[in-house]
Amino acid sequence: MDNGIGSVDRPKAVRNGVVACPAAFHTSSPAPTIPSAEATLGSHLARRLVEVGVSDVFAVPGDFNLTLLDHLIAEPGLRLVSCCNELNAGYAADGYARAKGVGACAVTFTVGGLSVLNAIAGAYSENLPVICVVGGPNSNDHGSNRILHHTIGLPDFSQELRCFQPVTCHQVVINNLDDAHEQVDKAIATALRESKPVYISVAYNLPGVSHPTFFGNPIPYCIVPRQSSQMGLEAALDATVEFLSKAVKPVMVAEPKLRVAKAAAAFASGYAVATMPSAKGLVPETLPRFIGTYWGAVSTSFCVEMVESADAYLIAGPIFNDQSSVGYSFLLNKEKAVIVQPERVTVGNGPTFGCVMMKDFLSGLAKRVSMKRNTTAFDNYKRIFVPQGQPLETEPGEQLRVNVLFKHIQQMFTGDSAVIAEAGDSWFNCQKLKSSLTAAGASSRCSTGPSGGPSGRC
């Protein structure tokens, strides 16, 4: 289990969702005292963002968040990235969270908060820890029955908070400094633990105010990683190995929650492997026994025959919606399936084993079946597979055709490529592209959208 330790002096990005555990943090001297000019709420929030691995905050300035932005800019470990609008900032933070593990955006009250809301909702559906910081009204305005600009014209300042409640896993409104450090810490910790967005509203008159709670460097976070029940893990592995050992031609199918569980690297075995379109790029297509993209009737050539004719399939991290199931037209049988979710495993029609982390389970399964490889499904696939013909080259002066365009796009790929596929023709044609591994082990990636659907961002 990786325990990443970050501090103000040594910012370090988190890995595997694990953040600075005090048990692993050693110091022989007391934490240095922070000068009063820097012992402020704004500086504390900036240091916390650096500590958890955020080095870029995507922002749109507004008069409610200008003071807060000054403190974010003053933090050496942060770079403020100005965006064209709040939705742009939210989607940038979404993509940053996909790449770095956690993202952050900063907007102004209501007119900015409601604008960024759609991006935050998308991050919620995609299980992305995005920290949305909003500059709120002056703490003295609460309860004053005043109407503020940039609002919907009511003296009720909670309308923005209510909008964020369904699409964030935690919300805090900071109107005093007595417990501000606890509220900030709890919000960020919850985002990392739940892998969901959080909402932090900071009254615009507070970021620059000094307070005793900010005079010492913050104690590194203590977020205890979720642990598998060892008894449950062993029972789930025993049941799964027994289940798969009875199959003649089992297959494994990768789904999008592999990313949420940070278990993509553990997804490997001696079986044939397919991937769902919403998980494309999570599993390298250069894996031995890779058979293509499974998407019901519109799967890549011969993949659907192998998956739906299998007598057992292990499906890791599925989201079964109308998009991923091609209008619920899958020909999959639950009694033949081992369904692996981020924290539980269901074998056939039962039982379900809870408190079993996907990463632990897939790693344990790979070890157990490494000496019992079953390549029957892959052997069948090789017997019937016919390579697609190469598209014709474009003649001089001829209009560019889509198949020729995507042939050139494929040739542009490196192991570090990231493809942003918009809904529609781009999404469907990008399913035909092939991701690969570099020597360093990085894979080309295609983005996915809310709940496994297509997206215009990554």
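Arg 226 is partly exposed, with 38% of relative accessible area. In this predicted model, the side chain of Arg 226 forms a salt bridge with that of Glu 194, at 3.4 Å from N to O. Arg 226 belongs to the loop between strand E6 (198–203) and helix H7 (230–245), whereas Glu 194 is in helix H6 (residues 180–194), so the contact ties together parts that are 32 residues apart in sequence. Glu 194 is likewise partly exposed, at a relative accessible area of 35%.

**Salt bridges**

The structure contains twelve salt bridges. One of them joins Arg 368 to Asp 238, with the closest N and O atoms 2.4 Å apart. Arg 368 is in helix H10 (residues 358–369) and Asp 238 is in helix H7, so this pair ties together parts that are 130 residues apart in sequence. Both residues fall in the partly exposed class: Arg 368 has a relative accessible area of 28%, and Asp 238 has one of 41%. Another salt bridge is formed by the side chains of Lys 246 and Glu 242, at 3.7 Å from N to O. Here Lys 246 counts as exposed, at 63% relative accessibility, while Glu 242 counts as partly exposed, at 47%.

| Salt bridge | N to O distance |
|---|---|
| Arg 226 and Glu 194 | 3.4 Å |
| Arg 368 and Asp 238 | 2.4 Å |
| Lys 246 and Glu 242 | 3.7 Å |

**The seven-stranded sheet**

Seven strands make up an open sheet of mixed pairing, in the order E9-E8-E7-E10-E11-E12-E13. Its edges are E9 and strand E13 (352–354), each of which pairs on one side only. On average, neighbouring strands of this sheet are turned by 15° against each other, direction ignored.

At the E9 end, E8 and E9 pair in the parallel sense through three bridges. Ala 274 stands opposite Gly 292 of E9. The loop between strand E8 (272–275) and strand E9 (290–293) contains Pro 288. This proline is partly exposed, with a relative accessible area of 49%. The C-alpha atom of Pro 288 is separated by 8.5 Å from that of Gly 270, although the two residues are 18 residues apart along the chain.

Two helices lie across strands of the sheet. Helix H11 (residues 376–384) lies across strand E7 (251–254), E8 and E9, and runs at about 70° to E9. H10 lies across strand E10 (313–316), strand E11 (337–341) and strand E12 (344–347), at about 145° to E10. H10 is also the helix that carries Arg 368, the partner of Asp 238 in H7.

**Cysteines**

The count of disulfides is zero. Cys 84 is in no disulfide, and the nearest cysteine sulfur, that of Cys 83, is 7.2 Å away. The cut-off for a disulfide is a pair of cysteine sulfur atoms within 2.5 Å. Cys 84 counts as exposed, at 75% relative accessibility, whereas Cys 163 is partly exposed, with a relative accessible area of 33%.

**A buried glutamine**

Gln 159 is found in helix H5 (residues 159–164). At 8% relative accessibility, Gln 159 counts as buried. Leaving aside residues up to four places away in sequence, Gln 159 touches Thr 110, Thr 151 and Ile 152.

How values were computed
Residues numbered from 1 in each chain as written. Predicted model: local features only at pLDDT ≥ 70, side-chain atom pairs only at ≥ 80, totals over all residues. Heavy atoms only, no water. Helix = DSSP H or I, 4+ residues; strand = E, 2+ residues; numbered from the N terminus. Buried < 20%, exposed > 50% of the residue type's maximum accessible area, 1.4 Å probe, protein only. Salt bridge = Lys/Arg side-chain N within 4 Å of Asp/Glu carboxyl O. Contact = heavy atoms within 4.5 Å. Pairing = 2+ DSSP bridges. Axes fitted to C-alpha atoms, helices over the stretch in contact; angles between N-to-C directions.
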